[in-house]
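Please read this report with the sequence and the 3D structure open beside it.

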Amino acid sequence: DELISQIAAGEVVERPASVVRELVDNALDAGASQIQVKLMAGGVRAIVVEDDGLGIPAEELPLALKRHATSKIRSLEELESVATMGFRGEALAAISSVAEMSVASRFAGAAHAHRLDARSGELVPAARSRGTSVEVRELFFSTPARRKFLKTDATELAHCLESVRRHALARPDVGFTVWHEGKLVEQWRAGSSEARLADVLGDEFMAESRPVYAENGPLRIYGRAGLPEAARSRADMQYVYVNGRYVRDKLIAHGIRSAYEDVLHGHRQPCYVLFIEIAPDRVDVNVHPTKIEVRFRDGREVHQRVRYAVQDALATSRS
Ligand code: ADP
Ligand code: MG
């Protein structure tokens, strides 16, 4: 069972940034309005994510760390089939199998908080206001081979920041702060979507991009498209969300790319942030720990609408 946990963890937890992604995801699910991410040594030494969400009742803390599907997975084949179905209820269990973890939480209305140590299973009273703090220490401490694959602290920190950024762009209503080695490295206050884009992507991106907006029946596309002169050599500023979820999707990327085809040459990469809202019955979202696949009922239509929406945004800028 320990082995299977660790194999499953390999799917969910590649590096500190994967832990950050999952913990921030949970904080958002819990309805947090403020999320703090505190990192030590690029997240390898420690990752602490604190939220002011609903919290977890003391008696449910042990459950939160249990893998929901434990009894169902007996072989690698079964593990694979679980992987394609998505890893709901796997994240905390997976993380606790490859790191030291403790969860402190105070449920709405509870007299005080409780802290659960994942390894010892010890549950003790703790002090904190409503919400949850998850602390993850010494990632891959028991699997030196995996730990060896981690890059420098600076690189791991950059990946952690990117994880927070992806969440932050989609949730301007939530405040985020990120600390590294006790120093505040990012602070994004809750506010409008415009303000969040400017905070996260910078004033330069705002100046060199144009608003995208298109609405067609059950499909709404909005965000910002970078002008051709803002293009980069790396695809490091391309964000696409489908119904609030960050995705990497070839069809959408191609739709955007084709909007730029007459204005962008060579290997230059456009910058963009696009939010696609579509009626849930027109899209299948398949959540895999590391990649998020979407299948649209009418892919051609989405492709075209995305292309036109971006083309329109770029054309406006030249008139
Ligand atoms: P999932 O998010 O898919 O349910 P996780 O392993 O990420 O699985 O979390 C397990 C459970 O622990 C969640 O379903 C939730 O009930 C609880 N939980 C985890 N993190 C938090 C949090 N920050 N606030 C409140 N509840 C949480
Ligand atoms: Mg989760």
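## The chain as a whole

Of the 319 residues of the protein chain, 37% count as buried; a residue is buried if 20 or more other C-beta atoms lie within 10 Å of its own, exposed if 12 or fewer, and partly exposed in between, with C-beta atoms placed from the backbone. The model is predicted, and local features need pLDDT of at least 70, side-chain atom pairs count only at pLDDT 80 or more, while totals for chains, interfaces and linings use all residues. Residues are numbered from 1 along each chain as its sequence is written, and chains are lettered from A and ligands numbered from 1 in the order in which they are written.

The protein chain has eleven helices and 15 strands. Helices (H or I, at least four residues) and strands (E, at least two) are DSSP runs, numbered from the N terminus. Among the contacts in the protein chain with a separation of 6 or more, 68% join residues 24 or more positions apart. Two residues are in contact if their C-beta atoms, placed from the backbone, lie within 7 Å.

## Two helix pairs

Two packed helices are described by the angle between their axes and the distance between the axes. Axes are lines fitted to C-alpha atoms, for helices over the stretch in contact, and angles run from 0 to 180 degrees between N-to-C directions.

| Helix pair | Angle | Axis distance |
|---|---|---|
| α7 and α8 | about 160° | 9 Å |
| α2 and α7 | about 25° | 8 Å |

The angle of about 25° makes α2 roughly parallel to α7; angles under 35 degrees count as roughly parallel, over 145 as roughly antiparallel, 65 to 115 as roughly perpendicular and the rest as oblique. α2 passes α7 in a right-handed crossing; a crossing is left-handed if the near helix is turned anticlockwise from the far one by less than a right angle, and right-handed if clockwise. From α2, the residues Pro16, Ala17, Val20, Arg21, Val24 and Leu28 meet Glu156, His159, Cys160, Glu162, Ser163, Val164 and His167 of α7. This contact of α2 with α7 has seven nonpolar, three polar and three charged residues. Ala, Val, Leu, Ile, Met, Phe, Trp, Tyr, Cys and Pro count as nonpolar, Asp, Glu, Lys and Arg as charged, and the others, Gly among them, as polar.

Helix α7 (residues 153–170) also packs with helix α8 (residues 193–201). The crossing of α7 and α8 is left-handed. Arg165, Ala168 and Leu169 of α7 make the contact with Arg196, Leu197 and Val200 of α8.

## Around ligand 1

Of the 18 residues around ligand 1, Asn26, Ala30, Ala64, Ala91 and Leu92 come nearest; a residue is near a molecule if its C-beta atom, placed from the backbone, lies within 6 Å of it. The elements giving two or more residues to this shell are α2 (16–29) and α5 (91–98). The largest share, four residues, comes from α2.

## Two residues in strands

Threonine 132 lies in strand β6 (residues 131–137). It counts as buried because it has 26 C-beta neighbours inside 10 Å. Not counting residues up to four places away in sequence, threonine 132 touches Ala30, Asp51, Gly53, Gly55, Ile56, Val103 and Ser105.

Tyrosine 222 belongs to strand β10 (residues 219–226). With 17 C-beta neighbours inside 10 Å, tyrosine 222 counts as partly exposed.
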